[in-house]
Amino acid sequence: FYKMNSSIVLILFVLSMMNACSGFNKKEKQVERIKGLEWVLMDENDTNRSASEKMADAKKLKDEYHQFVSAFPQDTLAPLFLYNIAMLEADQFKNYVESAKLLEQFQREYPEHTLASKALFLQGFTYAEYVKDYKRAELVYRLFIQKYPDSEMVPSIEFELKNLGKSPEELLNLNVSNE
């Protein structure tokens, strides 16, 4: 009976290890797909592909990032990939509201990450400059100053706060009158 029990335990152990390895292989394969798509999109010498092909690859990359973050939220790559989704939404898809929401999600889920301060700044900047939601931008900027009072970005953010909603012409006139 003891030999039979130890055989069952051994079989269960081997099966669980195989299952763990298949999950690891799945993650590795997904990272390989992501790196491949990133490389294709970053290739500035690629003149053979149309804008629609490049946009389709950007969509695939965004989907791969989302899948990875959903499947492996505790992985060290998850914050970077979430941040990259926000950048794709803004840069490639011009979906600034979604980009700002993703940057907010980044703050909630990875507040101690090295990109956290940059993500918070970009969230405020996106609300101010692209979404034109100045109240939300002000809240985010004030949160930034509260969380990162020693940041080198604080003077820029204070300038932004004083000038939220002003057009470039108004800012130029402001600079001319101060001289």
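What share of the contacts in the chain between residues at least 6 apart in sequence join residues at least 24 apart? In this predicted model, the share is 44%.

## Overall composition

The chain has 179 residues, of which 31% count as buried. Its secondary structure comprises eight helices and zero strands, and the order of elements along the sequence reads α-α-α-α-α-α-α-α.

## Two helix pairs

Two packed helices are described by the angle between their axes and the distance between the axes. The table gives these values for two pairs in the chain.

| Helix pair | Angle between axes | Distance between axes |
|---|---|---|
| H3 and H4 | about 165° | 7 Å |
| H6 and H7 | about 155° | 10 Å |

Helix H3 spans residues 78–91 and helix H4 spans residues 96–109. Because angles over 145 degrees count as roughly antiparallel, H3 and H4 are roughly antiparallel to each other. Their crossing is left-handed. On the H3 side, the contact is made by Pro79, Leu82, Tyr83, Ile85, Ala86, Met87, Glu89 and Ala90. On the H4 side, the residues in contact are Tyr96, Glu98, Ser99, Leu102, Leu103, Gln105, Phe106 and Glu109.

Helix H6 covers residues 134–147, and helix H7 covers residues 154–162. H6 and H7 are likewise roughly antiparallel to each other, and H6 passes H7 in a left-handed crossing. H6 contributes Glu138, Tyr141, Arg142, Phe144 and Ile145 to this packing, where they meet Val154, Ile157, Glu158, Glu160 and Leu161 of H7.

## Glu160, a buried acidic residue

Glu160 lies in H7 and is one of the residues of that helix that meet H6. Is Glu160 buried or exposed? Glu160 is buried, yet it has no salt bridge. The nearest side chain of opposite charge belongs to Lys132, 9.2 Å away; a salt bridge requires a side-chain nitrogen of Lys or Arg within 4 Å of a carboxyl oxygen of Asp or Glu. When neighbours within four places in sequence are set aside, Glu160 is in contact with Glu129 and Tyr141. Tyr141 is also among the H6 residues that meet H7.

## Lysines in loops

Lys132 is placed in the loop between helix H5 (116–131) and H6. The residue is partly exposed, with a relative accessible area of 45%. Its phi is near 60°, a positive value in a residue other than glycine.

Lys94 has a positive phi of about 55°, although it is not a glycine. This residue sits in the loop between H3 and H4, the helices whose axes are 7 Å apart.

## Separations between residues distant in sequence

Lys59 is found in helix H2, which runs over residues 51–71. Lys59 is partly exposed, and its relative accessible area is 41%. Between the C-alpha atoms of Lys59 and Leu88 the separation is 8.7 Å, while the two residues are 29 residues apart along the chain.

Leu139 belongs to H6. With a relative accessibility of 64%, Leu139 counts as exposed. The C-alpha atoms of Leu139 and Leu161 are separated by 9.7 Å, and these residues are 22 residues apart along the chain. Leu161 is one of the H7 residues that take part in the packing with H6.

Definitions and conventions:
Residues numbered from 1 in each chain as written. Predicted model: local features only at pLDDT ≥ 70, side-chain atom pairs only at ≥ 80, totals over all residues. Heavy atoms only, no water. Helix = DSSP H or I, 4+ residues; strand = E, 2+ residues; numbered from the N terminus. Buried < 20%, exposed > 50% of the residue type's maximum accessible area, 1.4 Å probe, protein only. Lys, Arg positive; Asp, Glu negative; His and termini not counted. Contact = heavy atoms within 4.5 Å. Axes fitted to C-alpha atoms, helices over the stretch in contact; angles between N-to-C directions. Parallel < 35°, antiparallel > 145°, perpendicular 65-115°, else oblique. Left-handed = near helix turned anticlockwise from the far one by under 90°.
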